[in-house]
2 protein chains.
Amino acid sequence: MSRIPRIVILGAGYGGIVTALRLQKQLNYNEADVTLVNKHDYHYITTHLHMPAAGTDKPDNARVNITKLIDEFKIDFVKSTAVQIRTEDKKIVLEEGTLSYDYLVVGLGGEPETFGIPGLKEYALNIRSINSVRYIREHIEYQFAKYKREPSCTDLLTFIVGGAGFTGIEFVGELADRIPELCKEFDVDPSLVKIYNIEAAPTALPGFDPELVEYAMNVLKNKGVTFKIATAIKECTPEGVVLATGEEIKSATVIWTGGIRGNHMLEEAGFETMRGRIKVDDYLRAPGHDNIYVLGDCSIVMSPEGRPYPPTAQISMQQAEVCSHNLVSQIRGSELKKFEFKPKGTVASLGRGEAIGIVGSRKIKGGVASVMKKIIDLRYLYIIGGIPLVLKKGRF
Amino acid sequence: MSRIPRIVILGAGYGGIVTALRLQKQLNYNEADVTLVNKHDYHYITTHLHMPAAGTDKPDNARVNITKLIDEFKIDFVKSTAVQIRTEDKKIVLEEGTLSYDYLVVGLGGEPETFGIPGLKEYALNIRSINSVRYIREHIEYQFAKYKREPSCTDLLTFIVGGAGFTGIEFVGELADRIPELCKEFDVDPSLVKIYNIEAAPTALPGFDPELVEYAMNVLKNKGVTFKIATAIKECTPEGVVLATGEEIKSATVIWTGGIRGNHMLEEAGFETMRGRIKVDDYLRAPGHDNIYVLGDCSIVMSPEGRPYPPTAQISMQQAEVCSHNLVSQIRGSELKKFEFKPKGTVASLGRGEAIGIVGSRKIKGGVASVMKKIIDLRYLYIIGGIPLVLKKGRF
C-alpha cells in the first residue's frame, strides 16, 4: 500500500480552521492525513478581541475549543508552537518534536508592525490574542486602582490607542463604553479620564467611505474620545508617547493597533516576503512551492487596482475555501481553482448599539449597522460550529 | 441664649459611626451640635475587607453610604481628611478648613505596624480600606495576566501573606478560594500557584484556642496554603521577602497583616501613646483631657490580666455605647459609666463554608461556625442600618 499524503495546517485562525473543516468534509477516508497545529487548544475570534480587551465582554466569548470544532477521528490536532518551516526536507519543527508534510497550509497569524517607531515594541500593548487582551483589560483596571492610591497621578487615567484603522476604532468604541463602569466601580470622576486615538494617515479608517468615517468620529467624540489624525507617533516611552509635532502625552497605557506584518518564520524559511508576507500565486501558493498554500495575515493578494487587500477575516475565509478545494484537487489530480476575492462589505463596531458599514454598495450606520455586525458574528459562528456554537457563544 | 456644645467625631469606623447613631437617638433637639468627619462618604465594614481584597466579594458589599445611616437633620457630616488635632484651642484642622469642638471623639483608624522591618512600608500591601482592597484584587489579577505573557516567571504566581492573625488567616482563606477561579479564567495550572502565610509568633492566631488553631491550619493547608509559623520576615524587597532563617521567597505580591498601630495624628498632637495608641481612663477619655474620648484602633483598654485587648470591631462598638452615654451624661451633668469589655466570642472565617470560633465558652468550627460568622455580620448591619441595610448588603 502506498503512503497517503500528509497535509499539515499551521495555525487555527480563520484561514486554518476553515481549511481544516472543509478538508474534513471533502476528503474521503484514507485520501490524506490532515494535522492541524496550533499554539493554543482554542481558536479565537480575532474580530471580537476588542471587546474582552476593553472588558466589555468575557474572553471566553471570543474563543472556541478546537476539539469542539474538528472531528478528531478525521483530523489530528497537535497543540504546539511551530518554530521553523523547513521546505528543503518538508518538515515543521515544533517546540516539542517535528512533523513531516507533503502539503503545507500556512495560516499563521501576523505580528504587530511598528514601522520602526522606537519604544512601541517594548512599551505598547497589542490586541492580538486571548492572553494579550486579558492583559490589556487587567492593565486598564490596575491603572484605576493605582490612581486611587496616588490621586495626584491623573496620567494613570489617560489611555492612548495608536492607529485608527479597524481595530483601533472598534477598541476605542468599547473602551469609551467601559470607562463609565470603571469610574463607578473605582469612584473616579469620569472627567479625569482621557482616551486618545492617534493616526498618522490623513484620515481615520483609511479607505473607508468619508461620510461614514465622519459619522464614526462624531459618535466616538461624543463618547469622550479625542482624535489626533494625520499625527504620527515619533516615540513610545514608559511615560507615554511623543508625537511628530513634539507634543508629549503622558500615559501608562499605550495600545498599538497601527499595523500587522507577516509571521517572522516565513522570512527565516527563505521565502521572498514583503513586510513578512508572501505574495501568493493565483492558486494561493507560495511562488516556487506547489505544495505550500499561504492564507490570511501571511499572504498578499493583489486587488484589480494592483494594491494588496487588507488582511481580514473575510478574505481569510474565502481563501480557505479555495485552498481546501485546491488541496483536494491536487491529491485527486483534478483542476485547481483561481482565487478571486469577492468583497461582501464591512461593518465596524463603535461600541454599544453603534456601528458603520458598507454592505454590497449600501452604506449603513447606527443601530442597523450594529445589528448587521452581530449577524456577521453569528454567521461566522454558524460556519465554524453550526447552531450549537451560535447558541453557546452568540450574544444578542 | 447660651451656645450649645459642639461634639466632633473623627472617623466613621465602627466606633465613630455607632457613637454618631447613639447620639442621634439619645440627644434631644438643641442639646448639642454633632459633626461627623470622615475621609470618604462611606463607612466600611473592616471585618469584611478580606473578601473584596481576594476578589471573592464586591467592594460595594463592604461599604455603606454614611448619609444612608445618619439623619442629616440631626448630625452634620463633613467629608474631609483630618490632618491635625489641636487640643490647646480645641480645633481640628481638616484638609479644607477647621472645626471647633467642645467634645471630641477620636474614632480614627489605625495604621499598619511594620515593627521596623525594612521594605514592608514600601513594598507590601495592606488590607485597610476600600481603595487598598480594590488595589490588592487588581494587583493579584494582574499577576495572572502578566504570567501568561511571561510563562517562565512562575514567581508571579506566588502570594505571600505576612501575619497569621485574624486578618491574615481570613484573607488566606478567601485567597485560596479565589485561586481556582483565577486559574480557570487565565488558563493557569493551579499547581503553579503558591500561597505562603508567614507568622513570627510561635503559633497562628496567637491567643486563640490551640485545638481550633490546628483545625484552621488543616483546613487552610488542604486548600493549598503553606504556613511558616515562628518564622520572622527579615526584609521585604521588590522581589519578595527574606526570612530570618535566610530563606528567600520570590513574589511580586506581599500582603502585610502583621499589626496595627494608632493614628500618627495622636502622637503629633502631644498625647502620650504606646504604638500610637492612647491608654484611656475608665471612662474612655484621654488622660488629662476630660472632653476627649478615644475609641477603637487608637485606644488601649487593659484586660483584668493587665494586657491590652486586641482592637476589634466588637470592642469598638461596646466602647461607642459607653462613649455616647458618657457624652450625654457630661452635657446633662449626670453620672458617667465605666467601660468594661464583655467579650461575646469571636469567629474567624476560613473561606467558603468554613470557620472557627468561640461563642461564650463554646468552641465551634466548620459549617456551624461559618453560619455564626454570617449571623454576626448581619447583626452588625442591623445595628447600624436596621432591616433595610440587612436586606441590601446581607448575603447568605
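These are my notebook entries on a few spots I looked up in a predicted model.

**Ground rules.** I count residues from 1 along each chain as its sequence is written, with chains lettered from A and ligands numbered from 1 in the order in which they are written. Local features need pLDDT of at least 70, side-chain atom pairs count only at pLDDT 80 or more, totals for chains, interfaces and linings use all residues, and side-chain values use heavy atoms, leaving out hydrogens and water.

**Helix 5, chain A.** I looked up residues 130–149 of chain A, which make up helix 5. (Helices are DSSP runs of H or I with at least four residues, strands are E runs of at least two, and both are numbered from the N terminus.) Helix 5 of chain A has 20 residues and reaches 29 Å from first C-alpha to last, close to the expected 28 Å. That expected span is 1.5 Å times one less than the number of residues. Why do I call this helix largely enclosed by the rest of the structure? Because 17 of its 20 residues are buried. (Buried is under 20% relative accessible area, exposed is over 50%, and partly exposed is in between, with a 1.4 Å probe and protein chains only.)

**Arg134(B).** I moved to helix 5 of chain B, where Arg134(B) sits. Arg134(B) is buried, with a relative accessible area of 1%. Its side chain reaches the backbone oxygen of Glu185(A) at 2.7 Å. I also listed what Arg134(B) touches, leaving out residues up to four places away in sequence: Ala145(A), Lys148(A), Glu185(A), Phe186(A), Asp187(A), Pro59(B) and Arg63(B). (Contact means heavy atoms within 4.5 Å.)

**Two positive phi values.** Most residues other than glycine have a negative phi. I found Phe115(A) with phi near 50 degrees, in the loop between strand 10 (111–112) and helix 4 (120–123) of chain A. Phe115(A) is partly exposed at 43% relative accessibility. In chain B, Asn30(B) has phi near 70 degrees, and lies in the loop between helix 1 (14–26) and strand 2 (33–38). Asn30(B) is partly exposed too, with 41%.

**Lys228(A).** I found this one in strand 13 (residues 225–229) of chain A. Which residues does Lys228(A) touch, not counting those up to four places away in sequence? I noted Tyr196(A), Asn197(A), Ile198(A), Glu199(A), Leu243(A), Glu247(A) and Ile249(A). The C-alpha atoms of Lys228(A) and Ala200(A) are 8.3 Å apart, although 28 residues separate them along the chain.

Conventions. Polar contact = N/O pair within 3.5 Å; in protein donor to acceptor, adjacent residues only side chain to side chain.
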